[in-house]
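Thanks for coming. I will walk through one structure, starting with a pair of helices and then moving to a few single residues.

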Amino acid sequence: FVRELFDQYAHGFDAHLTGGLHYRTPALVGQLVDGLGLPPGPVVDLGCGTGLCAPLLRAHAQRLVGIDLSARMLERARARGLYDELVEGEITAELGRRPQAFGLAVAADVLVYFGALEALFAAVHAALRAGGCFVFSVEAGEGADHVLRPTRRYAHSVAYLERLAAQQGFACRRLEPAVLRHEARAEVAGLLAVLQ
């Protein structure tokens, strides 16, 4: 479903998000990355899409790798000329092929397409070097660990993220509310996280 959706959406993706939806997630995630003070190293952009995060990550990356399911989104990312490598594939599987390969993993507006996050968190943890960071956004949920909304996007609770981070061996450096974008003229409440 996700691959087909974004293959169809690729052509007008950037304009729709940044114009119609007042999309802020890449900028917010970029600010978090800027504040980490990490030396430049290997960085992976998970679910990179058309590469909206690439200009914000390039300065932090000796090597910038993007992973996405959608070939058409990757075509647009490639045209930016900012990635050293682009990989068409499923995030968890691709990370499993790269143990301790990255100093930073970023997932901007990607975890909304995952319900349970246990396998993904484990894969990210295994793909990070010691001291590496995982920066991501989610839509904010309450009560249940995760819930599928009518938008076909998942929301995740603070308690679930904190519990999962601890179980997977991450220290939670930041977990804070943010407005990610607008939808149907209403703000979409999210959470921004930095795990290390």
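This is a predicted model: local features need pLDDT of at least 70, side-chain atom pairs count only at pLDDT 80 or more; totals for chains, interfaces and linings use all residues.

Let me start with helix 8, where Tyr160, Leu161, Leu164 and Ala165 are buried. These four cover an arc of only 130° around the axis, so they sit on the same side of helix 8. On the face turned away from that buried side, helix 8 carries the exposed residues Ala166 and Gln167. Just after helix 8 comes glycine 169, with a positive phi of about 90°.

The protein chain has 196 residues, and buried residues make up 47% of them. Its secondary structure comes to 8 helices and 9 strands. Take the contacts between residues at least 6 apart in sequence: 62% of them join residues at least 24 apart.

Now the partner, helix 7. Which residues of helix 7 are buried? They are Leu120, Phe121, Ala123, Val124 and Ala127. Looking down the axis of helix 7, these buried residues fall within an arc of 165°, so they line one face of the helix. Helix 8 is among the elements that cover them, and so are strand 1, helix 6, strand 4, strand 5 and strand 9.

How do the two helices meet? Helix 7, residues 118–127, and helix 8, residues 158–168, pack at an angle of about 45°, and their axes are 10 Å apart. Helix 7 is therefore oblique to helix 8. The crossing in which helix 7 passes helix 8 is right-handed. On the helix 7 side, the contact is made by Glu118, Phe121, Ala122 and His125. Helix 8 brings Tyr160, Leu161, Leu164, Ala165 and Gln168 to the contact. Sorted by class, the contact has 6 nonpolar, 2 polar and 1 charged residues. Phe121 is one of the buried residues of helix 7, and Leu161 is one of those in helix 8.

Valine 138 is found in strand 5, residues 128–141. Is valine 138 buried or exposed? It is buried, because its relative accessible area is 0%. Valine 138 and proline 177 are 39 residues apart in sequence, and their C-alpha atoms are 9.7 Å apart in space.

Next, glutamate 94, which lies in helix 6. With a relative accessible area of 12%, glutamate 94 is buried. Again leaving out residues up to four places away in sequence, glutamate 94 touches Ile67, Val87, Glu88 and Gly89. Between glutamate 94 and leucine 46 there are 9.8 Å from C-alpha to C-alpha, and the two are 48 residues apart in sequence.

Last, two backbone points. Most residues other than glycine have a negative phi. Aspartate 109 is not a glycine, yet it has a positive phi of about 60°. Aspartate 109 is in the loop between strand 4 and helix 7, and at 12% relative accessibility it counts as buried. Arginine 152 is not a glycine either, and its phi is positive at about 70°. The place of arginine 152 is in the loop between strand 6 and strand 7. Arginine 152 is exposed, with a relative accessible area of 53%.

That is what I have for today.

Methods:
Residues are numbered from 1 along each chain as its sequence is written. Side-chain values use heavy atoms; hydrogens and water are left out. Axes are lines fitted to C-alpha atoms, for helices over the stretch in contact, and angles run from 0 to 180 degrees between N-to-C directions. Angles under 35 degrees count as roughly parallel, over 145 as roughly antiparallel, 65 to 115 as roughly perpendicular and the rest as oblique. A crossing is left-handed if the near helix is turned anticlockwise from the far one by less than a right angle, and right-handed if clockwise. Contact means heavy atoms within 4.5 Å. Ala, Val, Leu, Ile, Met, Phe, Trp, Tyr, Cys and Pro count as nonpolar, Asp, Glu, Lys and Arg as charged, and the others, Gly among them, as polar. Buried means under 20% relative accessible area, exposed over 50%, partly exposed in between (1.4 Å probe, protein chains only). The arc is that of the directions from the helix axis to the C-beta atoms.
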